[in-house]
Amino acid sequence: MRLHTREQAPREGEVEAPAKPAEPYVPNHMDYLRFLVDSRHVYAAMEEIVEATPDLACYRNTGLERVKGLNIDIAWMASEYDLEIPEVGSAGLTYAKNLHEIVKKSIPAFMCHYYNYYFAHTAGGQMIGKQMSALLLDKKTLEFYKWDNLKGIKDKVKGDIETMAATWSREEKDECVEQTRDAFIGGGGMNAYLSGGQSPH
């Protein structure tokens, strides 16, 4: 319960509740473009790691890859709304760097990030996409949110992860589980662009 705020758990909460904004933040086109640019940087890191790591060969070309679609979307948004494509911000840079360090130490630890980042995008990420599409893009669906046979892809990748995890020692399984909080923090860093809470650098 220590990760809860005092507002959420008056008796045990130890984290100060963030100040509530007077009005909800409304993201603009540049906020969304920054979100996409940072997301692309992290997905590129994921893809580079998978390509460079023999033990992760089964996760190559799964259909979950997002970099190609994001390349199209970022170029389209910059052209459509006359925006300059921004540099990758601190959220994307930091998380991608961390991923490269994590996989050097522990593949099970990295797989926690892989699973949470890719699969969160297929669930809550789609909701974000729909919201931004309605708010900013006249309901256009970006390539970032398109898959061929998503259910089949998810089932195959989940099966491969379960097969891999079955070979892990108790220590390796613990290494994976222990990364859960960091995976949510790292992946959630990009979302802050859409809530007014992320500085570009």
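How are α4 and α5 oriented to each other: roughly parallel, roughly perpendicular or oblique? α4 and α5 are oblique to each other. Angles under 35 degrees count as roughly parallel, over 145 as roughly antiparallel, 65 to 115 as roughly perpendicular and the rest as oblique.

This is a predicted model, where local features need pLDDT of at least 70, side-chain atom pairs need pLDDT 80 or more, and totals for chains, interfaces and linings use all residues. Residues are numbered from 1 along each chain, and side-chain values use heavy atoms, without hydrogens or water.

The two helices (DSSP runs of H or I, at least four residues, numbered from the N terminus) are listed here.

| Helix | Residues |
|---|---|
| α4 | 107-122 |
| α5 | 124-136 |

**The pair.** The helices pack at an angle of about 45°, with axes 3 Å apart. Axes are lines fitted to C-alpha atoms over the stretch in contact, and angles run from 0 to 180 degrees between N-to-C directions. A120, H121 and T122 of α4 meet G124, G125 and Q126 of α5. Contact means heavy atoms within 4.5 Å.

**Helix α4.** Of its 16 residues, 14 are buried, so α4 is largely enclosed by the rest of the structure. Buried means under 20% relative accessible area (1.4 Å probe, protein chains only). S106 caps the N-terminal end of α4, with a side-chain oxygen 3.1 Å from the backbone nitrogen of A109.

**Residue H113.** H113 sits in α4. H113 is buried, at 1% relative accessible area. Beyond its neighbours within four places in sequence, H113 is in contact with M46, Y95, L99, I102, Q179, D182 and A183.

Conventions. Expected span 1.5 Å × (residues − 1). Buried < 20%, exposed > 50% of the residue type's maximum accessible area, 1.4 Å probe, protein only. Polar contact = N/O pair within 3.5 Å; in protein donor to acceptor, adjacent residues only side chain to side chain.
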